[in-house]
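This briefing is meant to be read with the sequence and the 3D view open.

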Amino acid sequence: MFGNMIMKTLGALVLTVMLAGNALAADHTVRIKGMKFQPANLSVAAGDTVTFVNDDSAPHTATAKDGSFNTPRLGKGNTAQIKISKSGSFDYFCAVHPGMKGKIVSN
Ligand SMILES: [Cu+2]
């Protein structure tokens, strides 16, 4: 009976930690405007998501150099969300205009 109570308490604790972990994942926004990623340098935590919003009339992508993420080609007003699941430094560029560059650093 006492053991059962401990198990219940532990179960509630594990659930609380899991819920808290979920609540900590944040979404960040990078706007693409004037042929630039804004902000060009973004800090996130592993597990966070990043939403790219294309405010330009030109089409753009956000394509990671190392292949970690890639958005479809975004037309004006389109958005795409990617997830940064591990820590590291991710350089990315626009596949349509390779001179457009950005960086996401994940801790
Ligand atoms: Cu572009």
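Predicted model: local features only at pLDDT ≥ 70, side-chain atom pairs only at ≥ 80, totals over all residues.

Residues are numbered from 1 along each chain as its sequence is written, and side-chain values use heavy atoms, with hydrogens and water left out.

- Strand β4 covers residues 49–54; strands (E, at least two residues) are DSSP runs, numbered from the N terminus.
- Six of the six residues of β4 are buried, so the strand is largely enclosed by the rest of the structure; buried means under 20% relative accessible area, exposed over 50%, and partly exposed in between (1.4 Å probe, protein chains only).
- In a regular strand, side chains alternate between the two faces of the sheet.
- In β4, T49, T51 and V53 point one way, while V50, F52 and N54 point the other way.
- Strand β1 (residues 27–33) runs parallel to β4 and is joined to it by six bridges; two strands pair if DSSP finds at least two bridges between them.
- Strand β6 (residues 79–83) runs antiparallel to β4, with five bridges between them.
- Here F52 has A80 of β6 as its bridge partner.

- The side chains of T49 and D27 are joined by a polar contact of 2.6 Å. A polar contact is a pair of N or O atoms within 3.5 Å; within protein, one must be able to donate a hydrogen and the other to accept it, and residues adjacent in sequence count only if both atoms are side-chain atoms.
- Leaving out residues up to four places away in sequence, T49 touches A26, D27, H28, Q81, I82 and K83, where contact means heavy atoms within 4.5 Å.

**Aromatic rings around F52**

- The whole structure holds five aromatic pairs. Rings of Phe, Tyr and Trp (its six-membered ring) pair if their centres lie within 6.5 Å; planes under 30 degrees apart count as stacked, over 60 as edge-to-face and the rest as tilted.
- F37 and F52 form an edge-to-face pair, 6.4 Å centre to centre with 75° between the planes.
- F37 lies in strand β2 (residues 36–38) and F52 in strand β4, so this pair ties together parts that are 15 residues apart in sequence.
- The ring centres of F52 and F69 are 6.4 Å apart and the planes are at 25°, so that pair is stacked.
- F69 lies in the loop between β5 (63–64) and β6, so its pair with F52 ties together parts that are 17 residues apart in sequence.
- F52 and F69 are both buried.
- One aromatic cluster is formed by F37, F52, F69 and Y92.

**Copper site**

- The protein donors of the copper ion are H60 (ND1), C94 (SG) and H97 (ND1), at 1.9 to 2.1 Å from it. Donors are N, O and S atoms within 2.8 Å of the metal (3.2 Å for Na, K and Ca); water is not among the atoms, so sites may look incomplete.
- Along the chain, the donors follow the spacing H-x33-C-x2-H.
- C94 is buried at 0% relative accessible area, whereas H97 is partly exposed at 21%.

**A four-stranded sheet**

- Four strands form an open sheet in the order β3-β8-β7-β5, with mixed pairing.
- Its edge strands are β3 (41–44) and β5, each of which pairs on one side only.
- Strands β7 (residues 88–93) and β8 (residues 101–106) run antiparallel and are joined by six bridges.
- D91 has K103 in β8 as its bridge partner.
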